[in-house]
Amino acid sequence: MSSKSAIWSVVHAEREALIRDLDTLAPERWTTPSLCAGWTVHDVLAHMIDVATTTRLGFVRRMIAAGGDFDRDNQTGVDRERADDPAETLAAYRRVAGRTATPPAPLATRLVEEFAHGEDIRRPLGIQRDYPVEHVVTALRYLADTSQKWGGGKERAQQVRLVATDADAVIGTGPEVRGPAIALVLALSGRPVRPGELVGPGAAVVQAASR
């Protein structure tokens, strides 16, 4: 299990890496659809600003205002943080990249946020990143043990045996699904993966659940 200081160190490093990747992005590419249905890559970055500045108390207040609707609250945050000019949104993200604010959730969720949203942006843009696999596995184990109701993928994970091909990580029992840890994270969080990225008799089960 990653320590608190290790997790925040990874989170901050991932934010800085994303800033570097987006720093020279052409203006027209900010409207590229992300892996998050209905959101562009610009929207996802705005969401990441919102998450990076959300405190435990602030989260409670916001959920009350949103009537307990997570999707409504997320969209409100995107609308608030997304500037008309993507360069301004990126500058705002740069200003909050070193923060350690967090909603009332296990700290492993911060890793899920950075890895999953990083791929939400990078994959549609054709940007490759090698994530620190030890910490990706921490995010994967969290997702596999947490209900979808709370942002996890337990219901998906319970149907298969997850095998990370780039780490010493095997989770669950059932039809085997093999692939890179980051692809397993995406599948458990309901996102699409590349054709052939996950293999084995359980791959179709997980990917069907992710659509």
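Of the 211 residues in this chain, 51% count as buried.

Staying with the surface for a moment, the accessible area of the chain comes to about 10,000 Å². Carbon and sulfur atoms account for 52% of that area.

Now the fold. There are 10 helices and three strands. Reading from the N terminus, the order is α-α-α-α-α-α-α-α-β-β-β-α-α. The radius of gyration is 17 Å, close to the 17 Å that the globule rule gives for 211 residues, so the chain is as compact as a globular protein of that length. Along the principal axes, the C-alpha trace spans about 45 × 40 × 30 Å.

On contacts: take those between residues at least 6 apart in sequence, and 63% of them join residues at least 24 apart.

On charge, the chain carries 26 positive and 27 negative side chains. The centres of these two sets lie 4 Å apart.

Next, the aromatics. How many aromatic pairs does a search of the whole structure find? The search finds one. The pair is made by F115 and Y131, with ring centres 5.5 Å apart. Their planes stand at 75 degrees, and over 60 counts as edge-to-face, so that is what this pair is.

Where do the two partners sit? F115 is in helix α6, residues 108-125, while Y131 is in the loop between α6 and α7, the latter being residues 133-144. The pair therefore ties together parts that are 16 residues apart in sequence.

Are these two residues buried or exposed? The cut-off for buried is under 20% relative accessible area. F115 has 0%, so F115 is buried. Y131 has 11%, so Y131 is buried as well.

N74 is located in helix α4, which covers residues 70-81. What does N74 touch, leaving aside neighbours within four places in sequence? The contacts of N74 are then W39 and H47. For a sense of distance, N74 and L18 are 56 residues apart in sequence, and from C-alpha to C-alpha they are 20 Å apart in space.

To recap, we have a predicted chain with 10 helices and three strands, one aromatic pair, and 51% of its residues buried.

How values were computed. Residues are numbered from 1 along each chain as its sequence is written. This is a predicted model: local features need pLDDT of at least 70, side-chain atom pairs count only at pLDDT 80 or more; totals for chains, interfaces and linings use all residues. Side-chain values use heavy atoms; hydrogens and water are left out. Helices (H or I, at least four residues) and strands (E, at least two) are DSSP runs, numbered from the N terminus. The radius of gyration is taken over C-alpha atoms; the globule rule is 2.2 Å times the number of residues to the power 0.38. Buried means under 20% relative accessible area, exposed over 50%, partly exposed in between (1.4 Å probe, protein chains only). Contact means heavy atoms within 4.5 Å. Accessible areas come from the Shrake-Rupley method with a 1.4 Å probe; for residues, only the protein chains shown count as cover. Lys and Arg count as positive and Asp and Glu as negative; His and the chain ends are not counted. The place of a charge is taken as NZ of Lys, CZ of Arg, CG of Asp or CD of Glu. Rings of Phe, Tyr and Trp (its six-membered ring) pair if their centres lie within 6.5 Å; planes under 30 degrees apart count as stacked, over 60 as edge-to-face and the rest as tilted.
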